[in-house]
Every structure is written in C-alpha cells, then in structure tokens.
Amino acid sequence: MAKAEQAVSDIINEVGNVNVVAQKLDLADTKSICQFAEQVYNKEKYLHILVNNAGVALCPYSTTADGFETQFGVNYLGHFFLTFLLLDLLKHSAPSRVINVSSVMHFTGKILFDDLSSKKRYHPVKAYAQSKLANVLFTRELAKMVEDLGLTVYAVDPGLVNTEVTRHMMKPLQLFMKSISVLIKTPKEGAYTTLYCALTPDLQSGGYYSNCAQALCSRAASDDCTARKLWLISCHLLGIRWS
C-alpha cells in the first residue's frame with residue numbers, strides 16, 4: 001500500500017487530478033476480492049474501465065488462500081471473480097470495457113482440466129502459460145455473454161516488460177534478460193496496448209491485441225468449447241453463478 005500511495009501522490013502531482021485513490025486488493029484471496037468490490041460499490045457510482053493487470057510469473061509452487069495454484073489463482077481466477085463481482089456496476093456504467101492482460105506465452109499454454117492447480121505435477125513455465133491462455137479464453141467467452149449489454153472485452157499482450165514480475169526467474173535467465181534489455185519495454189511502453197484497448201473507439205470485442213493492434217491468438221485460445229468448459233469449471237471452483 002505504501003508503493004500504491006506513492007503512485008497516487010506522483011499522479012496527482014504530475015496530472016493535477018486529485019480524484020485518484022488506492023485500495024487494497026489481494027487477488028490470491030477471495031475474501032480480499034470481495035472486500036475490494038464492496039468498497040468500489042460503496043464509493044463509486046460508475047465503473048467504465050476495468051483493467052485486470054495483476055500477475056505473478058514462474059514462481060515456486062504455492063497456493064492461494066483458497067487452495068488454488070498461485071499463478072492460476074492470481075493471474076486468472078482472481079480476475080475472473082473480480083469481474084464477476086463488478087459486472088453489475090460495469091453494466092450500469094455502459095458503455096464500459098474490461099481489459100484482461102495476457103501474454104504471448106499463451107501460445108505455449110494448455111488448459112489441464114484434470115489438474116488445473118498443478119497438484120499432480122508443477123512446472124512454473126507451463127503453469128504461467130496456462131494462466132495466460134485462460135485469460136484469452138475468458139475474454140472470448142465473456143465478450144459473447146455481454147455483447148448486447150454495452151460492455152466490451154479485450155485481451156492484451158503487453159510484450160516483454162521490465163518489471164518485478166521477473167523476480168522469480170532463475171539467475172541465468174535474469175542475466176539473459178539483462179543482456180537483451182535494449183529489446184525489453186519500459187513499464188510505460190508496456191502499458192501502451194492496454195491504454196489502446198481502453199481508449200480507442202470501435203475495437204472488436206473479444207479480440208486479442210498486441211503492439212496497439214489486433215493480433216492473432218493461438219489456436220487453443222480460439223476454441224469456443226474449451227472457453228465454455230473453462231468458464232463452467234471456474235464458476236464451480238469459485239462457487240458462483242453468472243446470470
């Protein structure tokens with residue numbers, strides 16, 4: 001929260017808009033997600049843009065407060081649940097948008113329906129890729145469900161960005177990343193495509209975007225049957241029902 005409050009201060013000082021707030025949200029804990037959503041409903045009349053941007057990558061095996069593998073739980077299920085909780089406000093605020101931050105790594109992903117939380121076998125790269133594939137499938141299915149409600153949904157590949165998301169990488173890989181730093185985007189540059197999807201009129205809902213343009217996603221990410229199956233299983237895992 002200290003870093004968040006500093007970011008608020010920096011934004012206010014640079015932009016001059018004092019209507020900026022930071023609120024605590026832990027996507028590894030459904031109780032925290034519920035508390036955050038309740039605060040939003042209590043304080044905000046409208047919600048026009050929801051950016052599901054939080055993520056962890058390549059971390060050692062661990063689980064969320066609710067027992068889900070951390071990468072799957074934070075990168076995907078947490079955002080799925082948060083969007084579910086805020087959907088009424090998003091619909092009330094239409095036209096509104098949801099942006100799900102995925103990754104080019106989704107191309108290597110596979111949804112392991114028999115072991116979504118990697119309890120049988122854990123591989124950090126495969127778990128990360130699965131979570132990012134899930135983001136694209138979620139985008140695809142949600143876009144179909146809300147197409148007549150004034151709500152549009154986009155999946156984004158921000159590119160390779162120099163942030164602390166790399167902190168769990170093995171040292172040799174971190175050194176390699178430093179060696180190609182000239183090719184890696186700054187955090188500001190990494191936000192460009194997210195902002196493009198948040199602000200550009202008449203984009204195709206349900207699409208996958210990279211480098212401020214619509215791009216091709218993987219064949220697995222285009223599978224409507226997989227998207228629907230993942231949706232239903234996610235609802236079951238979270239104990240929710242979308243209306």
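Modeller: On a 1 Å grid over the protein atoms alone, a cavity is a set of points where a 1.4 Å probe fits but cannot get out; lining residues have an atom within 4 Å of a point. This is a predicted model, where local features need pLDDT of at least 70, side-chain atom pairs count only at pLDDT 80 or more, and totals for chains, interfaces and linings use all residues. Residues are numbered from 1 along each chain as its sequence is written, and side-chain values use heavy atoms, without hydrogens and water.

Biologist: How many cavities of 30 Å³ or more does a search of the whole structure find?

Modeller: One. The largest cavity has a volume of about 50 Å³, a volume being the space filled by probe spheres set on the points.

Biologist: Which residues line the largest cavity?

Modeller: Among them are Leu 27, Asp 29, Ile 33, Phe 68 and Leu 238. H3 gives the most, three residues.

Biologist: Why is Ser 117 called buried?

Modeller: Buried means under 20% relative accessible area. Ser 117 has 11%, so Ser 117 is buried.

Biologist: What does the side chain of Ser 117 reach?

Modeller: The backbone nitrogen of Glu 69, at 3.2 Å. A polar contact is a pair of N or O atoms within 3.5 Å; within protein, one must be able to donate a hydrogen and the other to accept it, and residues adjacent in sequence count only if both atoms are side-chain atoms.

Biologist: Which residues have the most contacts inside the largest nonpolar core?

Modeller: Tyr 76, Phe 80, Leu 86 and Trp 242, in a core of 45 residues. A nonpolar core joins buried Ala, Val, Leu, Ile, Met, Phe, Trp, Tyr and Cys residues through side-chain atoms within 4.5 Å.

Conventions. Buried < 20%, exposed > 50% of the residue type's maximum accessible area, 1.4 Å probe, protein only. 1 Å grid on protein atoms, 1.4 Å probe; cavity = no way out; pocket = protein on both sides within 12 Å on 5 of 7 lines; lining within 4 Å. Helix = DSSP H or I, 4+ residues; strand = E, 2+ residues; numbered from the N terminus.
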